[in-house]
Amino acid sequence: FKNLSKYLEAFEYMFGPYAWERIGFVSVPFMGGAMEHATNIAISESAINGTLDFEMLFVHEFAHSWFGNLVTCRSAEDMWLNEGWASYCEALFKEYYYGKQPFKDYVRENHKKVLSRTHIRDKGYRSVYGIPREFTYGSTVYDKGFDVAHTLRGYVGDKHFFTSLKKYFKYFAFQDVSTKLFKDFLMMETALDLTDFFNTWVYSPGFPHFSIDSFLVTKTEKGFETEVFVRQKLKGTDDYAYSNKVEV
Ligand SMILES: [Zn+2]
């Protein structure tokens, strides 16, 4: 529990005040995992061993104080709003406390896992929203959900991302939210049209992949103008992604 006060500091900074009068962890004799009861998070006793080996498990459960306990997903189909986001909070804490490089490594590691294993573990390419009940607690919801949260951050930019999340917790405190409501709220707050983003990343299975196909350089009066042609390849989906933002 060495860094517990840091978890509180980080998430209050990002999402606003912790909503309960106490923080509690309780050691329970199950084999692995944890459960995020508000003020009384149950942690497997084997994870409390005086090291930071299980720190990300602690961070994940504590992040449910916002994603899950303060604002709850409306249905099992919306579970990525709880679990995908609590999983991304592990990376956000890395960034806040350990720095940019450990954060990037963690995001990449997760992304690799999603691309190579999630469709095997969850028996097919799936969308994070509308997951069948047998995979409510599967890798699509946790790991691809993490990926989608990170992609959304890149799409709207840090300022919109964190400002909207803070308002989200203020506005929906102790309520439940559906994926559609989450999308509508973000669109209202950021004044961005996120329809295509949600269609591709939240409501569709698989992934778009972008690569540079070619350049066309033309000489103009002021210098040169370069047109960049980008190619989009698809994996696990038949629908192309629109309104993309790709950093070149
Ligand atoms: Zn969780």
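**Salt bridges, zinc site and strand pairing**

At 21% relative accessibility, Glu 77 counts as partly exposed; here buried means under 20% relative accessible area, exposed means over 50%, and partly exposed is anything in between, using a 1.4 Å probe and protein chains only. This is a predicted model, so local features are kept only at pLDDT of at least 70 and side-chain atom pairs only at pLDDT 80 or more, while totals for chains, interfaces and linings use all residues. Residues are numbered from 1 along each chain as its sequence is written, and side-chain values use heavy atoms, with hydrogens and water left out.

Glu 77 has a charged partner: it forms a salt bridge with Arg 133, and the closest N and O atoms are 3.1 Å apart. Glu 77 sits in the loop between β4 and α3, and Arg 133 in the loop between α4 (100-121) and α5 (139-156), so the pair ties together parts that are 56 residues apart in sequence. Helices (H or I, at least four residues) and strands (E, at least two) are DSSP runs, numbered from the N terminus. Arg 133 is exposed, at 57% relative accessibility. A salt bridge here is a side-chain nitrogen of Lys or Arg within 4 Å of a carboxyl oxygen of Asp or Glu, and by this rule the count comes to 10 salt bridges.

In helix α1 (residues 4-15), Lys 6 and Glu 9 are 3 residues apart, about one turn of the helix, and their side chains meet at 3.5 Å, N to O. Lys 6 is partly exposed, with a relative accessible area of 28%, and Glu 9 is also partly exposed, at 37%. Helix α7 (residues 179-190) holds Lys 180 and Asp 184, which are 4 residues apart, again about one turn of the helix. Their salt bridge has an N to O distance of 2.7 Å. Lys 180 is exposed, at 52% relative accessible area, whereas Asp 184 is partly exposed, at 32%. There is also a network of salt bridges, linking Glu 95, Lys 100, Arg 153 and Asp 158.

Next comes the metal. The zinc ion is coordinated by His 60 (NE2), His 64 (NE2) and Glu 83 (OE), at 2.0 to 2.1 Å. Donors are N, O and S atoms within 2.8 Å of the metal (3.2 Å for Na, K and Ca), and because water is not among the atoms, sites may look incomplete. Along the sequence, the spacing of the zinc donor residues is H-x3-H-x18-E. His 64 belongs to the loop between α2 and β4 (71-73) and Glu 83 to helix α3 (residues 80-98), so this pair ties together parts that are 19 residues apart in sequence. Both His 64 and Glu 83 are buried.

Helix α2 (residues 55-63) lies across β1, β2 and β3 and runs at about 160 degrees to β3. Contact means heavy atoms within 4.5 Å; axes are lines fitted to C-alpha atoms, for helices over the stretch in contact, and angles run from 0 to 180 degrees between N-to-C directions. The open sheet of 3 strands has the order β1-β3-β2, with mixed pairing. Its edge strands, β1 (25-28) and β2 (34-35), each pair on one side only. Two strands count as paired if DSSP finds at least two bridges between them. Strands β1 and β3 (residues 41-44) run parallel and are joined by 4 bridges, with Phe 25 partnered by Ile 41 in β3.

Further along, strands β6 (residues 207-219) and β7 (residues 224-235) pair in the antiparallel sense over 12 bridges. Pro 208 has Leu 234 in β7 as its bridge partner. The hairpin of β6 and β7 has 4 residues between the strands, and Gly 223 there takes a positive phi near 150 degrees.

Most residues other than glycine have a negative phi. Ala 191 has a positive phi, near 60 degrees; Ala 191 lies in the loop between α7 and α8 (195-201) and is exposed, at 68% relative accessible area. Ser 243, too, has a positive phi, near 55 degrees. Ser 243 is in the segment after β7 and is partly exposed, at 42%.

On the annotation side, UniProt places the feature "domain: Peptidase M1 membrane alanine aminopeptidase" (unreviewed entry) at residues 5-201. UniProt positions follow the numbering used here, feature names are shortened, and annotations may be inferred rather than shown by experiment. Over residues 5-201 the chain is 57% helix and 8% strand, and the end C-alpha atoms are 34 Å apart.
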